[in-house]
Amino acid sequence: MQKTDLFSLTEQQLNAFIDAEGLPAYRARQIIKWIYEKHACSIEEITEFSKDLRRSLSEKAYISCLELADQQISIDGTRKFLFKLQDGETIESVLIPDEERLTLCISSQVGCAMSCGFCVTGSIGIKRDLLAYEICGQVIGASRIIHPQKITNIVLMGMGEPLANFENVVEALWRITGLMQFSPRRITLSTSGIVPKIAALAQSAPMVNLAISLNATTDQVRDMIMPVNRTYPLKALLDACRRFPLPPRRRITFEYVMLKGVNDSDADAARLIKLLRGIPSKINLIPFNEFEGAKYRRPDDARVQEFQEMLSSAGMTAIVRKSKGQDILAACGQLKAKYSDRERG
Ligand code: SAH
Ligand code: SF4
């Protein structure tokens with residue numbers, strides 16, 4: 001008989017499993033506390049249960065955990081974890097220390113189907129969606145490694161397009177906020193702009209922060225660097241942002257990867273200011289992280305600064321995001337786990 005992975009179950013499914021085992025309902029609550037708050041990775045670790053109960057439960061069930069296959073530490077303290085999933089696929093999560101914050105950047109898919117031209121993850125194509133527990137599992141896996149330190153912020157900015165794996169991401173967000181009791185205010189989901197799913201997210205998920213990978217100020221350029229724009233062009237994307245029910249004092253983050261000679265002109269800065277008018281926003285300028293075979297270049301620092309100053313002097317909040325972990329290929333757009341680029345036709 002195949003054993004049941006308790007971590008893979010939703011709260012409802014776990015309740016049903018416990019009930020079917022003839023155990024009282026509070027056992028399910030205890031299991032949830034041990035998995036999601038105490039980060040137990042096996043039934044054996046649930047020391048609150050008697051040895052007999054642990055033994056009988058272990059005959060039918062187990063608690064999976066992501067296997068740490070590799071770990072790299074950058075000179076700036078950023079750590080990249082390579083996690084192996086139960087079917088042997090691998091994903092990366094990145095832990096970024098920044099002053100008093102400890103941010104975990106998690107993946108939502110194995111690879112990504114969106115094919116953005118400036119992103120290494122896009123170059124491997126999509127292997128599969130992550131299941132909800134594999135998304136939460138990165139938080140638990142990383143928490144176990146860094147114990148007693150605690151993750152303070154979570155960003156869905158690793159491998160994959162979160163809104164292309166909507167159901168699993170929403171379920172994971174409920175578990176992270178509900179079962180792990182992580183504040184939704186400390187979670188940010190970044191999307192390349194799958195427009196219908198932006199409204200759906202506000203409707204069905206906890207109110208996490210929204211980030212949009214904007215990266216261009218004209219449809220012509222965005223069509224070229226982000227194929228998703230051909231389906232959901234700038235106007236539709238920004239309309240969805242305008243309609244997004246932001247809680248008071250919150251803003252949408254717009255990420256803008258700066259590509260030399262492609263999207264870094266004065267005219268781009270002027271258009272960006274216009275495009276975002278009326279949207280409570282902040283802009284993260286990310287100078288392109290170069291990688292082998294990349295067709296784009298990073299603008300020089302002076303250009304990045306001029307661009308930022310144009311935005312700031314128009315009253316916008318724009319910061320230049322220092323990419324951390326570049327020496328271990330852990331920076332934005334550099335995650336590819338153990339996969340090599342797919343053949344490009
Ligand atoms: N798929 C989602 C979540 C991944 S976030 C999304 O695209 O929003 C990855 C972020 O890194 C995105 O904002 C993307 O624009 C940025 N990025 C991708 N490749 C990059 C590169 N080579 N240099 C700098 N930033 C990059
Ligand atoms: Fe996918 Fe985001 Fe990379 Fe685009 S930038 S290929 S959506 S991970």
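How do the residues of the lining of the second largest cavity divide into nonpolar, polar and charged? Point 2 takes this up.

This is a predicted model, in which local features need pLDDT of at least 70 and side-chain atom pairs count only at pLDDT 80 or more, while totals for chains, interfaces and linings use all residues. Residues are numbered from 1 along each chain as its sequence is written, chains are lettered from A and ligands numbered from 1 in the order in which they are written, and side-chain values use heavy atoms, with hydrogens and water left out.

1. The structure holds two cavities of 30 Å³ or more. A cavity is a set of points, on a 1 Å grid over the protein atoms alone, where a 1.4 Å probe fits but cannot get out, and its lining residues have an atom within 4 Å of a point.

2. The second largest cavity, with a volume of about 30 Å³, is lined by Leu-6, Leu-9, Thr-10, Glu-11, Leu-14, Ile-32, Tyr-36 and Leu-179. Helix 1 (11-20) and helix 2 are the elements that give two or more residues to this lining, helices being DSSP runs (H or I, at least four residues) and strands likewise (E, at least two). To return to the opening question, the lining divides into six nonpolar residues, one polar and one charged.

3. The largest cavity has a volume of about 50 Å³, and its lining includes Phe-7, Ile-35, Cys-65 and Ile-140. Because domain 1 (4-62) and domain 2 (67-344) both give residues to this lining, the largest cavity lies between them; the domain bounds come from an automatic or database domain assignment. By class, the lining has eight nonpolar residues, three polar and no charged.

4. Around ligand 1 there are 21 residues, with Phe-118, Gly-160, Ser-190, Ser-213 and Asn-289 as the closest, where a residue belongs to the surroundings if one of its heavy atoms lies within 4 Å. An oxygen atom of ligand 1 is 2.6 Å from an N or O atom in the side chain of Ser-213, and a polar side-chain atom of Asn-215 lies 3.1 Å from an oxygen atom of ligand 1. The protein covers 95% of the 540 Å² of accessible area that ligand 1 has on its own, as given by the Shrake-Rupley method with a 1.4 Å probe.

5. Ligand 2 has around it residues that include Cys-112, Cys-116, Cys-119 and Gly-160, and its shell has five nonpolar, three polar and one charged residues.

Definitions and conventions
A polar contact is a pair of N or O atoms within 3.5 Å; within protein, one must be able to donate a hydrogen and the other to accept it, and residues adjacent in sequence count only if both atoms are side-chain atoms. Ala, Val, Leu, Ile, Met, Phe, Trp, Tyr, Cys and Pro count as nonpolar, Asp, Glu, Lys and Arg as charged, and the others, Gly among them, as polar. On a 1 Å grid over the protein atoms alone, a cavity is a set of points where a 1.4 Å probe fits but cannot get out, and a pocket is an open set with protein on both sides within 12 Å along at least five of seven lines; lining residues have an atom within 4 Å of a point. Grid points are joined across faces, edges and corners, and a volume is the space filled by probe spheres set on the points.
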